[in-house]
Amino acid sequence: MYDAGAFRRVRHAPIRRRIWQRRDLQLGGGVLFAVLVPGAVAAAIEPALWQFALFPASILGSLGAVCLGFWLFSNMVAFPGIRASYYVLPVFASTFAAVFAVFFLLRLDYSRPLLIAGFGLSVTWYYVVYFMIQRQQRLNIAVVPMGGVDSLYPIDSICWTRLDHPVFPRHCTTLAADFDHDLPPEWERFLAECALAGISVVHYKQLRQSLTGQVQMERLSENAFGSLMPNATYLTVKQLADALIALALLPLVLPVLLVIAGAVKADSPGPIFFRQNRIGYRGRVFTVWKFRTMHAAQPACLRPEDVAITAPGDPRITRLGRHLRRTRIDEIPQIYNILRGEMSWIGPRPEAEILSQWYEREIPFYRYRHIVRPGVSGWAQVNQGHVTSIDDVLKKLSYDFFYISRFSFWLDMLIVVRTLKTIVTGFGSR
């Protein structure tokens with residue numbers, strides 16, 4: 001038996017706990033503290049400011065920067081495993097810098113102190129918001145103990161409550177269940193009653209995806225994409241944007257290429273570039289270009305599969321190569337592959353042809369990862385790092401499928417930011 005009174009008692013508890021997660025509070029607070037408060041203080045100190053066009057222009061500029069920053073920020077941190085605090089400063093610095101650039105290019109008068117105050121207060125506000133959210137980050141989720149839900153329990157960032165009876169615990173905020181399982185009638189009624197009481201009832205697979213950033217697939221028909229083909233419009237737009245960005249960067253990259261090429265040649269004997277056949281878009285074979293980071297002579301005892309996999313502390317890596325791989329500078333020559341339409345800046349990393357053939361024999365739907373163009377960086381790279389053993393392949397594949405299922409501009413932008421972090425910190429590169 002389920003307790004209807006319990007539903008009434010817990011109905012409003014999640015709302016109190018999630019007040020800081022409300023978008024209207026986040027945006028309204030940003031506008032209040034970063035736009036209205038500085039404007040009111042400035043007007044109180046000098047009422048004559050309203051007579052000058054620069055004052056309302058600065059207020060509108062701050063308003064636009066805060067709203068745009070909130071919109072960008074909300075979309076970027078909507079993905080799993082994201083530490084929101086990492087993105088507050090860069091996002092709002094970008095939007096306020098854009099406002100400054102617009103005023104400068106249009107030669108409009110504006111108040112620099114007002115905009116700077118708006119920037120500082122908006123950053124402070126959103127740090128406070130996500131500090132308060134982080135305090136409530138440890139979620140309590142109730143689980144209907146039937147079907148495939150056992151795969152949730154290894155996710156240790158959540159307090160899981162396994163239900164013995166169809167009664168929703170007061171300390172929980174969400175209910176997870178296997179919707180594909182044939183549940184007993186009393187549990188079916190329990191799920192319906194929870195939904196009517198305003199409790200979030202979710203399918204365990206979607207919950208696992210949102211918490212881990214991975215799509216676990218036992219068979220291709222289980223994908224949650226609705227269609228096996230990602231957004232065709234974004235595929236086309238992204239390819240065009242990739243080429244334009246590559247062309248714009250080419251004059252800046254060429255001097256860097258020359259310097260690194262000389263360093264590679266001086267560091268160890270062998271060719272400057274490493275070339276390898278890899279599987280790309282729609283399963284086509286192409287030649288990828290990288291700076292050579294290993295000694296040209298390979299041990300004769302290695303199998304072809306072992307040659308294609310780089311282990312941690314691999315002795316084949318040169319002194320310079322360790323630095324190039326840590327910062328991913330060795331990938332710069334792939335701008336050539338991007339200009340040829342073989343690669344994208346962001347996407348699943350292309351696998352060596354021999355490894356791809358090996359994986360396809362073991363994983364029937366492995367080839368599905370070729371439905372989008374491979375990338376210089378990707379979701380698996382910024383979450384997992386390079387694969388160094390066969391055991392890592394399925395985990396990497398789950399990240400690749402998550403990327404394909406959420407294929408969007410926002411996820412690409414998030415990967416760009418996290419790739420820049422990798423370049424600075426060296427995480428995820430071997």
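Guide: Happy to, and keep in mind that this is a predicted model. Let's start with the second largest pocket, which holds about 770 Å³ of space.

Visitor: Which residues are the closest to the centre of that pocket?

Guide: Leu249, Trp345, Val376, Val416 and Thr419, out of 28 residues that line the second largest pocket. The elements that give two or more residues to this lining are helix H9 (232-267), strand S7 (344-346), strand S8 (375-377) and helix H16 (409-425). H9 gives the most, with 10 residues.

Visitor: What makes up the lining of the second largest pocket, in terms of nonpolar, polar and charged residues?

Guide: The lining divides into 19 nonpolar, four polar and five charged residues.

Visitor: H9 came up there. Which residues of H9 meet helix H11?

Guide: Ile260, Ala263, Val264 and Asp267 in H9 meet Arg319, Leu320 and Leu324 in H11. Sorted by type, that contact has five nonpolar residues, no polar ones and two charged ones. The two axes come within 9 Å, crossing at roughly 145 degrees, with H11 spanning residues 319-327.

Visitor: And which residues of H11 are buried?

Guide: Gly321, Leu324, Arg325 and Thr327. Just after H11 comes Arg328, with a positive phi of about 65 degrees.

Visitor: Where else do two helices cross, and how do H4 and H5 pass each other?

Guide: H4 passes H5 in a right-handed crossing. Helix H4 covers residues 54-76, and its axis comes within 9 Å of the H5 axis at roughly 145 degrees. On the H4 side the contact includes Ala57, Gly61, Ala65, Leu68, Leu72 and Met76, while H5 brings residues including Tyr87, Val91, Thr95, Val99 and Phe103.

Visitor: What kinds of residues, nonpolar, polar or charged, are in the contact of H4 with H5?

Guide: There are 15 nonpolar and five polar residues, and no charged ones.

Visitor: Then why is Arg107 called exposed?

Guide: Exposed means over 50%. Arg107 has a relative accessible area of 76%, so Arg107 is exposed. Arg107 is in the loop between helix H5 (85-105) and helix H6 (112-135). Its phi is near 55 degrees, a positive value in a residue other than glycine.

Visitor: And what makes Arg282 only partly exposed?

Guide: Partly exposed is the range between the buried and exposed cut-offs, under 20% and over 50%. Arg282 has a relative accessible area of 48%, so Arg282 is partly exposed. Arg282 lies in the loop between strand S5 (273-279) and S6. Arg282 also has a positive phi, about 60 degrees, although it is not a glycine.

Visitor: How do you know that Ala177 is buried?

Guide: Set its value against the under 20% cut-off. Ala177 has 0% relative accessibility, so Ala177 counts as buried. Ala177 is in strand S3 (residues 174-177), and Ala177 touches Val144, Val149, Leu191, Val202, His203 and Tyr204, not counting residues up to four places away in sequence.

Visitor: How many residues apart in sequence are Ala177 and His203?

Guide: They are 26 residues apart in sequence, and 5.4 Å apart in space, C-alpha to C-alpha.

Visitor: Tyr204 was on that list. Which residues of helix H8 are buried, and what covers them?

Guide: In H8 (residues 204-212), the buried residues are Tyr204, Lys205, Leu207, Arg208 and Gln209. What covers them includes strand S1 (140-143), strand S2 (159-162), S3, strand S4 (200-203) and helix H15 (393-405). Just after H8, Gly213 takes a positive phi of about 75 degrees.

Visitor: Last one: how many helices and strands are in the chain?

Guide: The chain has 16 helices and eight strands. Of its 430 residues, 46% count as buried. Among contacts with a separation of 6 or more, 72% come from residues 24 or more positions apart.

Terms used
Residues are numbered from 1 along each chain as its sequence is written. This is a predicted model: local features need pLDDT of at least 70, side-chain atom pairs count only at pLDDT 80 or more; totals for chains, interfaces and linings use all residues. Side-chain values use heavy atoms; hydrogens and water are left out. Helices (H or I, at least four residues) and strands (E, at least two) are DSSP runs, numbered from the N terminus. Buried means under 20% relative accessible area, exposed over 50%, partly exposed in between (1.4 Å probe, protein chains only). On a 1 Å grid over the protein atoms alone, a cavity is a set of points where a 1.4 Å probe fits but cannot get out, and a pocket is an open set with protein on both sides within 12 Å along at least five of seven lines; lining residues have an atom within 4 Å of a point. Grid points are joined across faces, edges and corners, and a volume is the space filled by probe spheres set on the points. Ala, Val, Leu, Ile, Met, Phe, Trp, Tyr, Cys and Pro count as nonpolar, Asp, Glu, Lys and Arg as charged, and the others, Gly among them, as polar. Axes are lines fitted to C-alpha atoms, for helices over the stretch in contact, and angles run from 0 to 180 degrees between N-to-C directions. A crossing is left-handed if the near helix is turned anticlockwise from the far one by less than a right angle, and right-handed if clockwise. Contact means heavy atoms within 4.5 Å.
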